[in-house]
Amino acid sequence: MTATTPNTPNIPNTPSTEVATISLQVSGMKCAGCVAAVEKRLLACDGVRAATVNLVTERATIAVEPESDRQELINSAIETVSKAGFEAKEYQRSPLQTDSESSRENLKGKVELLGLSWQAPPGGDIAIAVVLIFLAVLGHLGPMGVIELPLISNMYAHWVFATAALLIPGRAILRDGFKGLWYRIPNMNSLISIGAISAYIASVVALFWPQLGWRCFFEEPVMLLGFILLGRSLEARARGKASAALQQLINLQPYSARLLVGAEQLQVPVTEVQIGDRLLVLPGEKIPTDARVVAGSSRVDESMLTGESVPVDKQTAARVTGATLNLTGALTIEVEQAIEQSTFARIVALVEQAQAQKAPIQTLADRISGYFTYGIMAIAALTLLGWLLLGGVELIFAIKLAITVLVIACPCALGLATPTAILVGTGMGAERGILIKGGDRLQQVHSLDAIVFDKTGTLTLGSAQVSDLVAVDHAFKQIFSLSQSDQSAVVASSSEQAVNASDRPESLIAANELLKWAASAEKQANHNLGEAIVRAAADRKLALISTKECISETGMGVRAIVGDLNNPDADQTVLVGTQAWLEQNNITIDPAYLSQATELASSGKTVVYVAIAARFVGLITITDPLRGNAADAVAALQKMGLQVWMLTGDRYATAQVIADRVGIPAQQIIADVKPDGKAATIEKLQAQGLQVAMVGDGVNDAPALAKAEVGIALSSGTDVAMETADIVLMHNDIADVVKAIGLSKATFNKIRQNLFWAFAYNLLGIPIAAGLLYPSLGVLLNPMIAGLAMAFSSVTVVVNSLSLRWSFRN
């Protein structure tokens with residue numbers, strides 16, 4: 001396994017997938033019924049495998065056949081969605097927007113959501129709602145016998161007010177509602193429109209045909225619109241807060257760059273910067289995109305990426321990452337990544353993708369939403385007929401109950417339950433350096449029973465160091481005719497000062513020879529133990545020997561041909577690896593050294609065996625320091641009720657020492673596992689009925705990360721590990737594993753609470769609105785109260801999602 005410690009985290013370009021994806025921006029959706037309708041029509045398009053539509057972000061993510069014509073599919077999908085009465089276009093998010101553009105788009109989205117015209121001034125949405133409610137309340141004062149106000153108490157004035165309310169602030173709602181009916185996709189606005197128009201028409205009939213004896217209630221459609229607009233205004237602002245984390249993340253990106261053209265500096269938009277351009281970054285400015293320093297030196301604050309508060313020194317040839325802050329000196333940098341492909345842009349893309357995904361628990365809500373408005377209209381019709389035929393009531397009484405049923409129903413709460421919680425949860429994760437790749441991952445985290453840590457690079461720092469050299473003197477003497485020495489083994493510290501060279505120079509020579517030949521064999525290998533051996537040789541300033549051929553067997557060791565390029569007769573075959581690797585190659589190891597290896601392993605050291613020319617020549621031990629907070633993280637996970645396991649290729653004795661230090665029980669240690677056996681190990685745990693999370697960072701961890709229900713990767717690891725993982729920890733801190741699982745569980749709990757509220761509200765509210773309690777308790781709801789309840793049911797869902805920020809703040 002490879003563990004590296006780069007200056008900045010690796011971010012996968014795109015998640016691994018067997019299908020291509022396209023994204024559309026879909027506007028005009030008002031409730032979960034609209035979402036279901038758009039998804040149904042997209043799935044009917046040729047070449048589409050799956051479609052997910054998000055009500056809050058107004059994005060449709062479509063999985064298509066990889067061999068399909070992308071542009072043709074986009075055009076087909078846009079045409080299909082447009083025929084259903086919605087506006088659609090290809091989603092092409094720029095990595096940045098100016099503050100004014102962002103503010104304008106946010107404001108426009110809120111106003112359109114309310115159903116108001118774009119000319120409404122900022123804050124005018126609430127003002128209009130308050131005016132409507134105020135006028136409706138004044139209209140109630142006369143019939144209630146409280147006070148008679150000139151003009152306001154006149155029913156013809158009520159008619160004028162109600163007509164104006166429907167035609168001006170209510171126009172967009174009515175237009176959208178009847179458009180949904182026309183396209184046979186009735187939505188929440190359709191229910192409101194039918195209810196408001198029915199109340200208005202009934203009141204007009206009562207006004208102009210007083211002989212019928214009906215009471216006018218023009219104030220009810222006015223107040224209904226007022227409550228609806230007020231509720232939607234509050235909901236829009238709450239949605240804006242829910243998505244604020246992503247917007248704040250995007251705002252970290254600078255908008256312009258200082259482009260160097262000869263001796264001139266040009267201020268250009270960062271989107272126009274190209275690979276190879278040279279930019280000047282002054283102290284206090286943000287670095288526009290990923291680049292390499294070609295001149296100057298400075299300290300750079302990379303905390304927004306790595307979580308490390310200590311600035312990093314940057315000199316010539318050092319790499320810098322976009323959106324990080326230059327602190328002390330001017331830097332001239334050469335662009336290595338266009339803004340669209342920068343590390344920062346890929347982080348934003350991952351967060352956006354996560355927010356577009358649904359949790360599987362939303363499936364039932366989606367199914368119901370597809371038929372919800374049809375069902376409500378049917379219930380309203382049955383309410384009208386039932387009370388007329390069976391209740392023996394007046395027509396106007398039955399009409400008001402039917403209107404109340406239409407108005408109280410709230411498909412919007414069903415549609416908002418999942419996406420608002422995911423929006424808040426993933427946004428909070430991004431703020432904390434935790435990238436959660438979607439709602440389905442949140443649900444999987446909630447059901448976990450066990451979490452498996454790969455030892456190296458996760459529980460340990462992944463910075464392996466040579467600690468002991470056990471050289472067999474007589475073997476070196478026989479192979480290389482070294483100076484005479486005793487026939488015993490010598491243990492040398494990796495620090496040369498620990499060896500008494502004046503007393504036993506031949507022992508130091510043997511230890512250095514052991515390290516030199518092992519490092520020469522390992523210099524072409526790509527794993528952390530080999531890198532530690534090569535580093536130790538470099539620290540001792542040992543000249544390595546040419547390597548002609550190197551074969552590496554994962555989990556076992558390397559076989560290399562080492563010698564003089566000009567003298568093939570001097571070539572030696574060097575084996576470096578496990579005990580099993582040497583035995584597999586017919587190398588005999590003296591039992592005394594096997595005993596010594598066991599003793600060294602029992603202290604938590606990894607033992608590497610070395611053979612030259614078919615002779616065992618010594619042992620090299622390697623230590624990898626534990627992460628300082630590993631034990632605390634393990635304890636916190638166990639407190640959550642999770643079984644914590646450790647997976648390692650080390651011998652059991654070595655693994656047990658590490659496990660004891662971090663608090664993992666002996667029966668939950670899985671040792672002597674080859675890299676290609678990690679996925680099989682996860683399968684065995686799953687076969688025991690466990691829902692398993694895997695934490696790793698290396699290339700060979702990727703299959704296990706994919707096999708586990710939840711894969712968690714540290715950002716210090718490889719791209720393939722992070723592409724496979726479901727959660728990526730940007731700060732490379734094992735404590736973030738605890739935070740990620742805690743945040744995921746808390747977010748999923750919010751989703752369940754939201755869905756419970758949405759279902760409970762409709763299951764209780766609709767029967768009461770239909771008059772179920774009237775015969776026994778005399779309880780009736782009028783359309784105004786129903787409208788108020790409906791408006792604030794959606795607000796309740798959004799506010800409950802926002803409460804995640806308060807409850808998980810610390």
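**Sheet, cores and cysteines**

Strand S5, residues 256-261, is joined to S6 by six bridges, and the two run antiparallel. Within this pair, Ser 256 lies opposite Pro 269 of S6. The model is predicted.

The pair belongs to a wider arrangement. Six strands make up an open sheet, ordered S6-S5-S7-S13-S8-S11, with antiparallel pairing. Strand S6 (264-269) and strand S11 (319-320) stand at the edges. Each has a single partner strand, so one side of each is left without a neighbour in the sheet. Strands of a sheet pair through backbone hydrogen bonds, either parallel or antiparallel.

Next, the nonpolar cores. The largest holds 129 residues, and Leu 42, Ile 451 and Val 737 touch the most other members. Helix H27, residues 735-769, gives the most to this core: 13 residues. Domain 1 (21-90) and domain 3 (425-459 + 628-742) both contribute residues, so this core lies between them.

Ile 451 shows the packing in detail. Leaving aside residues up to four places away in sequence, Ile 451 touches Leu 637, Leu 642, Gln 643, Val 644, Trp 645, Ala 693, Val 695, Ile 712, Val 737 and Ile 741. A second, separate core has 30 residues, including Ala 511, Ala 525, Val 610 and Ile 612.

Last, the cysteines. A disulfide is a covalent bond between the sulfur atoms of two cysteines. This structure holds zero disulfides. Cys 34 has a relative accessible area of 0%, so Cys 34 is buried. Cys 550 is partly exposed, because its relative accessible area is 24%.

Technical notes
Residues numbered from 1 in each chain as written. Predicted model: local features only at pLDDT ≥ 70, side-chain atom pairs only at ≥ 80, totals over all residues. Heavy atoms only, no water. Pairing = 2+ DSSP bridges. Helix = DSSP H or I, 4+ residues; strand = E, 2+ residues; numbered from the N terminus. Disulfide = S-S within 2.5 Å. Buried < 20%, exposed > 50% of the residue type's maximum accessible area, 1.4 Å probe, protein only. Core = buried A, V, L, I, M, F, W, Y, C linked by side-chain atoms within 4.5 Å. Domains from an automatic or database assignment. Contact = heavy atoms within 4.5 Å.
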